[in-house]
Amino acid sequence: MTGFITVILAAGKGTRMKSAHPKVLHKVCGKEMARHVLDAAKAAGARRNIVVVGFGAEEVRTALGDAEIVVQEEQLGTGHAVLQTEPLLRDEKGTVVVLCGDTPLLTDGLVKKLCEEHEKSGAKATVLTAIMPDATGYGRVIRTAAGDVEKIVEHKDATEAERAVREVNSGIYCFDKEALFSALKEVGCDNAQGEYYLPDVLSILRARGEKIWAAAADDYEETLGVNSRAQLAEAEKILRRRKNLALMESGVTLMDPESTFIDVDVEIGRDTVIYPFTWLEGKTSVGEGCTLGPSSRFSDVKIGDKVTAHFVYAHECEIADGVTMGPFVHIRPDSHIAKDVKIGNFVEVKNSTVGEGSKLPHLQYIGDCDMGAGVNMGCGTITVNYDGKTKFRTKIGDNAFVGCNSNLVAPVSVGNGAYVAAGSTITKDVPPDDLAVARARQKNIPNWPDKRK
Ligand code: UD1
Ligand code: CA
């Protein structure tokens, strides 16, 4: 069988994160670290991906449901973690790529490159190394005078001289499967952390006279391991920069990339312009020629072409072509805003459909409403959708005109082309083309100051 298998280590607690959740589920650019690694492995062409879970196993299993999962009951070290996959790999031959769940910047290109070098070298084990500006915390790659890899020494076990080495173990390796598991059985735990270290496999194989090899990453950033919140923020910054550059190269204008926050899976069409302090999160997609921001946030929103939005927060909703929104607009889940709708100042829409070309220009609350096309909602009109126990829907027909400061008390409907007089509280259905007036008649009392006396 061709192709390779990956083992992704994700059982550690990540003590240094000081978190109730497993470290590998902390997000970088909107995606869990271990998910970044799994996606890179898949894109590189892995034919099987096995994730070793332990701390918070169920949480990790849920997040990475598309991988094979094996549980490491006690976290006794990276070598012990890999050993847990042995039963699953009994009938396999060839290359096993070991990846760490805490290296979110890894790319599929680098995984491929490592596999190619491993194959070319004919080694039993190839470790991916990188030159780190600050190697603190990493295992150091110790080479012989001839330049061959002799061993890897963990930071906590290293001498002063070894700590001065800036070439580090990325925690990413290719192994010949048979050699890996036979060497793992010899790995001990007589070290500073009392753990079974996976990197010890390299020196064990070397002592047996097997060939081991090191492949150097061109860009150390791709191999950054995240052990702390500070490193999480560093990884976040690098990935955001990578994403923003790719978007600009594809024809998107970012007025200030440093203050624009776009998750990795977000798609944006060309000639869209994004103003500062704008967040585009999760599965958001944006069409062409839009102007978004400043100070807007979109989470899991499908946005069409030529949409304008400033000072808007929208989540889990759909916004069609040509819609203009803002300032100060909140579009809540399950809302569908059709083409050319205008949503103005201080408006909230929830679980509602707003039909083509309708106008919500100022101070509306539209909740649980099915609104047709060409509707004009006067300033301050609201749907009264909740009686304290149950939510009810409001229906507003095409081309209806709802006067300012009206309450539509659901369940209620306003027919096509109907009018509602300003200041009305509508509790009964309004037939099409009728005018509904539901307010007390005005009475003027002349010469009031005299009468007051
Ligand atoms: C590890 C390497 C180090 C390397 C660094 C690169 C070892 C002993 N050290 O150190 O040489 O420079 O990665 O980032 O391998 N894990 C398990 N089970 C365990 C222990 C860890 O699954 O029992 C997982 C963790 O969840 C993590 C990965 O293995 O995803 C690496 O563990 P971590 O504790 O972060 O190792 P480092 O100290 O960073
Ligand atoms: Ca690590």
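A backbone N or O atom of N169 sits 2.6 Å from an oxygen atom of ligand 1. The model is predicted, so distances here are computed from its atoms.

| Residue | Protein atom | Ligand 1 atom | Distance |
|---|---|---|---|
| N169 | backbone N or O | oxygen | 2.6 Å |
| E154 | side-chain N or O | oxygen | 2.7 Å |
| N227 | polar side-chain atom | oxygen | 3.3 Å |

Alone, ligand 1 exposes 760 Å², and the protein buries 91% of that area. Around ligand 1 there are 25 residues. Those that come nearest are Q72, G77, T78, E154 and N169.

**The calcium site**

Which residues coordinate the calcium ion, ligand 2? They are D102, through OD, and N227, through OD1, at 2.3 to 2.5 Å. The pair brings together distant parts of the chain, 125 residues apart. D102 is in the loop between β6 (95-100) and α4 (108-121). N227 is in the loop between β11 (212-216) and α8. Both residues are buried.

**Helix α8**

The buried residues of α8 are L232, A235, E236, I238, L239, R240, K243, N244 and L247. In an α-helix, residues three or four places apart point the same way, because there are 3.6 residues a turn. The cover over the buried residues of α8 includes strands β2 (27-28), β12 (253-254), β13 (260-262) and β14 (267-268). Helix α1 (33-44) is also part of that cover. After α8 comes G251, with a positive phi near 105 degrees.

**S352**

Elsewhere, S352 lies in the loop between β26 (347-350) and β27 (353-354). Is S352 buried or exposed? S352 has a relative accessible area of 0%, so it counts as buried, the cut-off being under 20%. A polar atom of its side chain lies 2.7 Å from the backbone oxygen of K350. Leaving out residues up to four places away in sequence, S352 touches D334, S335, H336, I366, G367, D368, C369 and R393.

Technical notes
Residues numbered from 1 in each chain as written. Chains lettered and ligands numbered in written order. Predicted model: local features only at pLDDT ≥ 70, side-chain atom pairs only at ≥ 80, totals over all residues. Heavy atoms only, no water. Buried < 20%, exposed > 50% of the residue type's maximum accessible area, 1.4 Å probe, protein only. Helix = DSSP H or I, 4+ residues; strand = E, 2+ residues; numbered from the N terminus. Contact = heavy atoms within 4.5 Å. Near = heavy atom within 4 Å. Polar contact = N/O pair within 3.5 Å; in protein donor to acceptor, adjacent residues only side chain to side chain. Areas by Shrake-Rupley, 256 points an atom, 1.4 Å probe, with all protein chains shown as cover. Donors = N, O, S within 2.8 Å, 3.2 Å for Na, K, Ca; no water.
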